[in-house]
Amino acid sequence: MTVAGFDCSDVLVLIGESGDEAGEVGRIPLHEVSIRRADHPSEVFEVGQQIEAEEIGRWRGQLNLSARACENPELRAFLLAIQPGQIVSGAVSGVHNFGVFVHLDGEPDGLCTGFIRVPDLTWSWINHPSEVVEIGQRITGEVITSETRDGQVTISLRPSWETP
């Protein structure tokens, strides 16, 4: 697709071959332009530039896209290969009161894509995630979601086939 212009803080893109006047026009909202912070999309794109973007939905007939989902092709391929219900493994890299970060096996170098929300750590009541896991610990869990726009895989240590 080709950047056709800007509408306030949104990017307008022409879907299809460059110069194809019959192509559909899509919109990339500012928060979907890049993982990096930008005050205006012209800091990231220029008119006429060829870009890749992922469809995120239609609102009032307008095609909305995300360029941030395609910003890192290696990360995108990794995330698209992971499906809900799949079992994944990795090493705990951070334990916080809101959840646990996990370096998943096979993820691109330099990234940390796994996240476990506190309620998904155990069926038991806990005061802090450190009661269940510690940094460096190897874990295996079930994928809840794999999100290309956020670059994150949400996993659960509470298997769906196991209930309290």
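**Salt bridges and cores**

Modeller: This is a predicted model, and the count of salt bridges in it comes to nine. One of them brings the side chains of Glu24 and Arg58 together, with N to O at 2.7 Å. Glu24 sits in the loop between strand 2 (10–14) and strand 3 (25–28), while Arg58 belongs to strand 4 (residues 54–59); the two are 34 residues apart, and the pair links distant parts of the chain. Glu24 has 33% relative accessibility and therefore counts as partly exposed.

The relative accessible area of Glu32 is 2%, so Glu32 is buried, the limit being under 20%. Arg149, in turn, is partly exposed at 25% relative accessibility.

Arg37 and Asp39 form another salt bridge, with 2.4 Å between the closest N and O atoms. Arg37 has 70% relative accessibility and counts as exposed. Asp39 is exposed as well, with a relative accessible area of 51%. Elsewhere, salt bridges that share partners join Asp7, Asp10 and Arg27 into one network.

Now the nonpolar interior. In soluble globular proteins, nonpolar side chains tend to be buried together. The largest nonpolar core here has 17 residues, and those touching the most other members are Val100, Val102, Leu104, Ile116, Ile139, Val153 and Ile155. Two or more residues of this core come from each of helix 1 (73–80), strand 6 (87–96), strand 7 (99–104), strand 9 (138–147) and strand 10 (152–156).

With its neighbours within four places in sequence left aside, Val153 is in contact with Leu79, Ile82, Leu104, Thr113, Gly114, Phe115, Val143, Thr145 and Ser146. There is also a second, separate core, made up of eleven residues, among them Val3, Ile28, Val33 and Phe45.

Notes. Residues numbered from 1 in each chain as written. Predicted model: local features only at pLDDT ≥ 70, side-chain atom pairs only at ≥ 80, totals over all residues. Heavy atoms only, no water. Core = buried A, V, L, I, M, F, W, Y, C linked by side-chain atoms within 4.5 Å. Buried < 20%, exposed > 50% of the residue type's maximum accessible area, 1.4 Å probe, protein only. Helix = DSSP H or I, 4+ residues; strand = E, 2+ residues; numbered from the N terminus. Contact = heavy atoms within 4.5 Å. Salt bridge = Lys/Arg side-chain N within 4 Å of Asp/Glu carboxyl O.
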